[in-house]
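Visitor: I am new to this structure. Please show me how to read some of its features.

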Amino acid sequence: MQLEAIIGLEIHAQIATKTKMFCSCDNDAFGAAPNSKVCPICCGHPGTLPAPNKKALELGVKAALALDCTIPAKSKFDRKNYFYPDLPYGYQISQFDEPISVQGKVTIRLDGAEKVIGITRLHLENDAGKLTHVGNFSLCDYNRAGTPLMEIVSEPDLRSAAEAKIYAEEIQKILQFVGSSGADLFKGEMRFDASVSLREVGTEKLNPRAEIKNLNSFKALESAIDFEIGRQKKLWAAGTPPTGDSTVGWDDDLGETFLMRAKESAADYRYFPEPDIPPLVLKKDFVEKLRAELPELPLARRERFVAEFGITEDDALNLTESKNLADYFETVVKISGDAKKSAAWILSELLAKMKEASLKIEEQKITAKNLGALVKKIVSGEISGKIGKEVFPEMWASGKLVDEILKEKGLEQISDSGELEKLVEQSIAANPAAIEDFRNGKDRALGALVGTVMKLSKGQANPAKVNEIILKKIGK
């Protein structure tokens with residue numbers, strides 16, 4: 001029996017607002033002392049009323065538009081009833097049957113092939129707090145309670161853990177490009193729930209699924225799905241496939257899933273309209289204004305980089321890892337005039353340094369204009385690539401301008417004709433065989449003469465002028 005995996009993802013992303021979803025508390029609780037970013041509203045005190053955050057709504061709609069979703073004219077909030085010790089209200093304010101958006105899609109690329117993944121909906125909700133388990137006790141931190149979230153629910157269109165990872169990475173980029181979420185996994189701004197089931201190839205039936213909860217990294221997402229597929233294949237092989245939906249957790253240390261409980265259904269949550277928040281009416285001009293503010297999205301930018309700059313798809317993918325990096329690359333190209341060399345310097349030199357120092361493009365010291373100036377000097381022949389690599393570490397460490405470093409290190413290019421002529425004469429004297437070969441039509445022999453001059457000048461001679469002087473002296 002040939003089986004295929006049927007995978008759907010729910011992605012929860014923190015919305016990039018200054019305040020929480022239904023109150024004015026600070027939305028940035030990362031690293032803050034426990035229970036220091038709370039108020040009676042987000043702690044669910046009796047008599048308090050939630051007031052929706054307009055900015056969260058705008059950023060949610062922007063994200064939905066970037067995901068090619070339809071925005072209904074009317075939506076509403078609902079109460080989703082369940083108990084967690086760190087859920088102050090005893091219910092979550094979410095959206096059930098009338099979310100702010102429906103029917104979207106995202107295109108992903110895997111092994112050179114494109115695939116469209118359907119999106120069922122993007123809806124808004126607030127987050128619970130955080131539990132820390134210490135021995136027999138659980139400590140509640142309500143700083144995250146009320147944090148605005150968008151939940152992006154995919155169709156069950158994914159067929160492998162690799163596809164799921166690439167899809168999640170693409171969603172992260174889109175949210176970051178439009179500014180709807182920082183989607184920083186390290187800060188807990190993005191989490192994944194993955195639903196996994198198996199079925200016989202060629203059938204359309206959806207079988208009972210296992211939902212893997214609260215995955216907090218792309219590596220964990222891929223590993224957990226791979227393990228769950230393998231676990232369910234063993235059940236099918238033994239003639240005991242799953243008979244009901246289940247909720248499972250992921251143990252990163254053991255590298256395996258574990259049963260948590262039977263999967264809840266909509267009926268279990270006892271949804272009903274949130275009585276304290278009126279329905280939302282999203283007018284067409286409001287939606288179109290937000291659509292007009294959307295930037296060029298990651299896929300479109302990658303395609304343009306390949307078409308306009310002639311770089312490879314892999315390089316374009318790496319250069320659009322973030323909007324700031326893509327902007328940086330375009331500035332370097334504008335100044336240097338050479339897209340391929342600009343891409344090479346960013347990908348091989350700059351990103352290596354950034355990875356080593358765990359820095360983002362906006363956190364390191366070399367400005368795009370300064371790197372563009374360095375690449376331009378190399379492209380024009382004003383300095384050699386060797387000198388460029390000698391100068392680069394100082395640019396990285398200090399942020400100084402390339403011209404300033406060249407002057408300090410005495411690496412400025414030698415362009416004085418008299419000085420270059422002396423170097424050329426030494427090269428000619430040292431390479432009689434190369435001169436004879438050149439005069440016999442072997443143009444490549446000229447490289448030996450130029451190479452000697454560059455060696456004598458420690459890479460500082462102007463290659464174009466060196467070529468010109470050599471040709472004048474030896475002719476053909």
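Guide: Two strands count as paired if DSSP finds at least two bridges between them. In this predicted model, strand S3 (residues 78-81) and S14 meet that rule with 2 bridges, in the antiparallel sense. Arg79 stands opposite Phe272 in S14.

Visitor: In what order do the strands of that open sheet come?

Guide: Strands of a sheet pair through backbone hydrogen bonds, either parallel or antiparallel. Here the open sheet has 3 strands in the order S4-S3-S14, and the pairing is antiparallel. Strand S4 (91-94) and strand S14 (272-273) are at the edges, each with a single partner strand, so one side of each has no neighbour in the sheet.

Visitor: How many residues lie between S7 and S8 in their hairpin?

Guide: There are 2 residues between S7 and S8, and Gly135 in the turn has a positive phi of about 60 degrees. Strand S7 (residues 130-134) and strand S8 (residues 137-141) pair over 5 bridges in the antiparallel sense. Within this pair, Leu131 stands opposite Cys140 in S8.

Visitor: Which residues have the most contacts inside the largest nonpolar core?

Guide: They are Leu9, Ile152, Tyr167, Ile171 and Ile225, in a core of 66 residues. Take Ile171: leaving aside neighbours within four places in sequence, Ile171 is in contact with Ile11, Leu67, Val106, Ile119, Ile152 and Met190. A second, separate core has 34 residues, including Leu325, Ile361, Ile387 and Leu411.

Visitor: How many cavities of 30 Å³ or more are there?

Guide: Rolling a probe the size of a water molecule over the atoms shows where empty space is left. In this model the count is 1 cavity of 30 Å³ or more. The largest cavity has a volume of about 80 Å³. Phe22, Cys23, Tyr89, Asn126 and Asp127 are among the residues that line the largest cavity. By class, that lining divides into 9 nonpolar, 2 polar and 1 charged.

Visitor: Which residues lie nearest the centre of the second largest pocket?

Guide: Gln172, Lys173, Gln176, Glu321 and Ser322 lie nearest its centre, out of 41 lining residues. The elements that give two or more residues to this lining include strand S5 (101-110), helix H2 (161-178) and helix H8 (323-336). H2 gives the largest share, 6 residues. The second largest pocket has a volume of about 1500 Å³, and its lining has 15 nonpolar, 11 polar and 15 charged residues.

Methods. Residues are numbered from 1 along each chain as its sequence is written. This is a predicted model: local features need pLDDT of at least 70, side-chain atom pairs count only at pLDDT 80 or more; totals for chains, interfaces and linings use all residues. Side-chain values use heavy atoms; hydrogens and water are left out. A nonpolar core is a set of buried Ala, Val, Leu, Ile, Met, Phe, Trp, Tyr and Cys residues joined through side-chain atoms within 4.5 Å. Buried means under 20% relative accessible area, exposed over 50%, partly exposed in between (1.4 Å probe, protein chains only). Contact means heavy atoms within 4.5 Å. On a 1 Å grid over the protein atoms alone, a cavity is a set of points where a 1.4 Å probe fits but cannot get out, and a pocket is an open set with protein on both sides within 12 Å along at least five of seven lines; lining residues have an atom within 4 Å of a point. Grid points are joined across faces, edges and corners, and a volume is the space filled by probe spheres set on the points. Ala, Val, Leu, Ile, Met, Phe, Trp, Tyr, Cys and Pro count as nonpolar, Asp, Glu, Lys and Arg as charged, and the others, Gly among them, as polar. Helices (H or I, at least four residues) and strands (E, at least two) are DSSP runs, numbered from the N terminus.
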